[in-house]
Amino acid sequence: MQEVIPFAKPFIAREEEEAVLRVLRSGWITTGEETLAFEREFAAFLSREPLHALAVNSATAGLHLALEALGVGPGDVVLVPSYTFTASAEVAHYLGAELAFVDVQKDSFLMDPAKLEETIIRLQKGGNDYPHRGVKYSPRVIIPVHFAGLVCDMSAISDIAKKYSLSIVEDSAHAFPAWQDSKGTDVSLCRHGEEKYFAGTLGDIGVFSFYATKTITTGEGGMVVTRNAELAKRISIMRLHGIDRPIWNRYTGEKASWRYEVVAPGYKYNLCDILSAIGRVQLGRAYALRDERYKIASAYDEAFGTDERFLIPPTGPGDARQLYPLRLTSKAIPRDDFSRAMQEAGVGVSVHFIPLHTMPFYKKRYNHQYMDFPETMKSFSAEVSLPLWPGMSGAQIERVIRTARNVC
């Protein structure tokens, strides 16, 4: 029986195992010095200038904390692409806010700045049909979603945010370590003076994911980054029950004290030292893992780039190649048939993403029709993500390519 090639597989080696054992044997396994070290190292990786990094137990938690810190609440509207995972949008509802979906650019998978501005103008003119009549809704935050390692046009989105006095929370779950050219910006903020800005540092707050399928993983987990000290302070307090001090200090150090104050009704969103230990090792090999993904993606580009049945994904020098979102043309078989045939042939595939405006909750709440976001639907209906994970053998890569061609 032929082996099954999984869609995704985390790269875990002896170093990660040893790091976990070290923490397990230390006597301290929840949030502590290991997590603090992970935060410092992550911030230093992204920027040579001061950057606050706060570890959390998921990117969803990070997005929630980001919006809460920015004061999002009832009457506010958060703008997000429909082409994303539900976490990007659902966090607005946690806080009583509403959503406005934005279409993606043609053939890019990424939020369209022109459509974004059109949506903001419509909202400011009162052009909405939100559930609570008599409530005045105002756009408040933009969540650009970097997709598959590709970074949104943050220059255009930032200009729009400034023009309409909106905040930006970057959903960078797919974008580590992705970057954009820093031409026209303050190079002093770039990492080690390099001519690039990392995704997640381009808005007011950036949120990363360390889920099992991401470019570096802790199994579950995430990181929130910001240059704003006040936002960082609020996120730090709210990620652990609204307590006014790092709670782990109650048990460690010469001045350990059981006293603390609850200053807000917070959440339980901290990341433990066991997972942070894995993250530190993964962070140290972030570029090596990125190079592995590039090698596999380049093989796919070469194989499918001249085949009229396929459209290879756009890319750029700062692309993290987190996914390989292949699209099928009219000369291929339908996407669902292709996906089924690949799975039956023992090659794992996935689809990213089912547009949120088609989901029952959002469709009903906002009265959306399937083709309200035509570019989103066009990309979704043709997209299938191929296996892309460090450690894939040359034979496995060739088999993915051969199977894709054959099933078409």
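Two strands count as paired if DSSP finds at least two bridges between them. I wrote that down before opening the model, which is a predicted one.

**Strand S2, neighbours**

I started with S2, residues 76-81. On one side I looked up S3, residues 98-102: the two strands run parallel and five bridges join them.

**Strand S2, cover**

Are the residues of S2 buried or exposed? I get six of six buried, so I call the strand mostly covered, with under 20% relative accessible area as the cut-off. In a regular strand, side chains alternate between the two faces of the sheet. I went through S2 with that in mind: Asp76, Val78 and Val80 point one way, while Val77, Leu79 and Pro81 point the other way. Both sets are buried, Asp76 included.

**A surface patch**

Last, I turned to the surface and found a nonpolar patch made of Leu21, Leu24 and Ile29. Together they have about 250 Å² of accessible area. I placed Leu21 in helix H1, residues 14-26. Why is Leu21 labelled partly exposed? Because its relative accessible area is 35%, which falls between the 20% and 50% cut-offs.

Terms used. Residues are numbered from 1 along each chain as its sequence is written. This is a predicted model: local features need pLDDT of at least 70, side-chain atom pairs count only at pLDDT 80 or more; totals for chains, interfaces and linings use all residues. Side-chain values use heavy atoms; hydrogens and water are left out. Buried means under 20% relative accessible area, exposed over 50%, partly exposed in between (1.4 Å probe, protein chains only). Helices (H or I, at least four residues) and strands (E, at least two) are DSSP runs, numbered from the N terminus. Patches are made of residues with over 30% relative accessible area and no salt bridge: like charges are joined within 9 Å, nonpolar side chains (Val, Leu, Ile, Met, Phe, Trp, Tyr) within 5 Å. Accessible areas come from the Shrake-Rupley method with a 1.4 Å probe; for residues, only the protein chains shown count as cover. A salt bridge is a side-chain nitrogen of Lys or Arg within 4 Å of a carboxyl oxygen of Asp or Glu.
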